[in-house]
Amino acid sequence: MANLQSIMDHAVAVARKAGEVVREALSDDRKVMMKSSAVDLVTQTDQKVEQLIIQSVKEKFPSHRFIGEESVAAGEACVLTDDPTWIIDPIDGTTNFVHAFPFVAISIGFAMNKQVEVGVVYSCLEDKMFTARRGKGAFCNGEPLAVSDQTDIQQSIISTEFGANRDPEAVDKIFCSLRNILSLPVHGVRGAGTAAINMCLVASGCVEGYYEIGVHVWDIAAGSLVVSEAGGVLMDVDGGELDLMSRRIIAANNRSIAERLVKEITPFRPPRDDSPPQKL
Ligand SMILES: O=P(O)(O)O[C@H]1[C@H](O)[C@@H](O)[C@H](O)[C@H](O)[C@@H]1O
Ligand SMILES: [Mg+2]
Ligand SMILES: [Mg+2]
């Protein structure tokens, strides 16, 4: 049986170390490479930070498994089993990092029996360490977090992202949802450029709801626990149960805001994270 406190301590320590690497790299030349498309970016820092995290976890927890964004991009399988698994996004907000737009996170989730037990999101340019353990609350730099108590969507801020999908049909649906929500009207629509930080903003009580279609399990694993432990709710964009591998999420302060978002979102289904790779 894994000791969850030692896992949390290790996740926090390695996230802090990773944050230092990211901050130092901001002053260097950032060589940008493309992944699935011209707007899906990766840098050597993403790869270096993922290796740093995986190596350090392997030394301490040799039997644990990993799902890491850059390892999956390099061809590793993206499968969530019942085994203890670290779910890592070394830089959440790579586009922000490339442009020095100041919201960049290291996201580390730890799951057992397919359930996230520990979530650590380090917003490393703000130096905010968000932590959560299932059943034990959510914190930022050690201070307890609580979601907003707003139930009226018209008095709310909603955050979302456009993602990296430029397929015209998907873009039309993304804009349709955005138009519906903006016209409710809501107080505002925001986007930090990182799923993990958007979710921590919900957990902190300054954003009522976040939704996105196109995210990956490494973007949302840690943040989802931070939101639920701060008192928030998680669901699929169609109102069903959140499925971490489905690439769709609503994270909100309460059920009434989440269900109101469901009514306004035009859903679509990107290929699942655990779908077999497409043969070319
Ligand atoms: O690739 P990284 O790890 O930077 O993460 C993604 C963001 O977290 C998404 O919300 C966002 O919409 C983008 O798709 C972005 O790629
Ligand atoms: Mg990410
Ligand atoms: Mg990333």
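**View 1. I158 meets its bridge partner G209, a residue of β12.** We're looking at a predicted model, where local features need pLDDT of at least 70 and side-chain atom pairs count only at pLDDT 80 or more, while totals for chains, interfaces and linings use all residues. Numbering runs from 1 along each chain as its sequence is written, with chains lettered from A and ligands numbered from 1 in the order in which they are written. The two strands here, β10 (residues 157–160) and β12 (residues 209–213), run parallel and are joined by 3 bridges. Two strands count as paired if DSSP finds at least two bridges between them. Strands (E, at least two residues) and helices (H or I, at least four) are DSSP runs, numbered from the N terminus.

**View 2. Now the whole open sheet: 5 strands in the order β11-β10-β12-β14-β13, with mixed pairing.** Out at the edges are β11 (188–190) and β13 (233–235); each has a single partner strand, so one side of each is left without a neighbour in the sheet. From one strand to the next, the twist averages 20°. Helix α8 (residues 255–264) packs on the sheet, where α8 touches β12, β13 and β14 (248–252), and its direction makes about 145° with that of β14. For such angles, axes are lines fitted to C-alpha atoms (for helices over the stretch in contact), and the values run from 0 to 180 degrees between N-to-C directions. Contact means that the C-beta atoms of two residues, placed from the backbone, lie within 7 Å.

**View 3. Helix α6 (residues 195–204) has 10 of its 10 residues buried, so it is largely enclosed by the rest of the structure.** Buried means 20 or more other C-beta atoms within 10 Å of the residue's own, with C-beta atoms placed from the backbone. Among the buried residues are N198 and S204, along with I197, M199 and L201.

View 4. Of its 8 residues, 7 are buried, so β5 is largely enclosed by the rest of the structure. β4 and β5 run antiparallel, with 6 bridges between them; D89 has S107 in β5 as its bridge partner. β5 also runs antiparallel to β6 (residues 115–123), this time with 8 bridges, and M112 stands opposite Q115 in β6. The β5 and β6 hairpin has 2 residues between the strands, and N113 takes a positive phi near 50° there.

View 5. Where the domains touch, 35 residues of domain 1 are in contact with 25 residues of domain 2. Elements giving two or more residues to that side of domain 1 include β3 (65–68), α4 (94–99) and β7 (128–133). By type, the side of domain 1 touching domain 2 has 19 nonpolar, 11 polar and 5 charged residues. Asp, Glu, Lys and Arg count as charged; Ala, Val, Leu, Ile, Met, Phe, Trp, Tyr, Cys and Pro as nonpolar; and the others, Gly among them, as polar.

**View 6. Ligand 1 lies between domain 1 and domain 2, since both give residues to its shell.** T94, E161, G163, A195 and D219 come nearest, out of 15 residues around ligand 1. A residue is near a molecule if its C-beta atom, placed from the backbone, lies within 6 Å of it. β4 (residues 85–92) gives the most to this shell, with 3 residues. The shell residues divide into 6 charged, 5 polar and 4 nonpolar.

Terms used: Domains from an automatic or database assignment. Buried ≥ 20, exposed ≤ 12 C-beta atoms within 10 Å, placed from the backbone.
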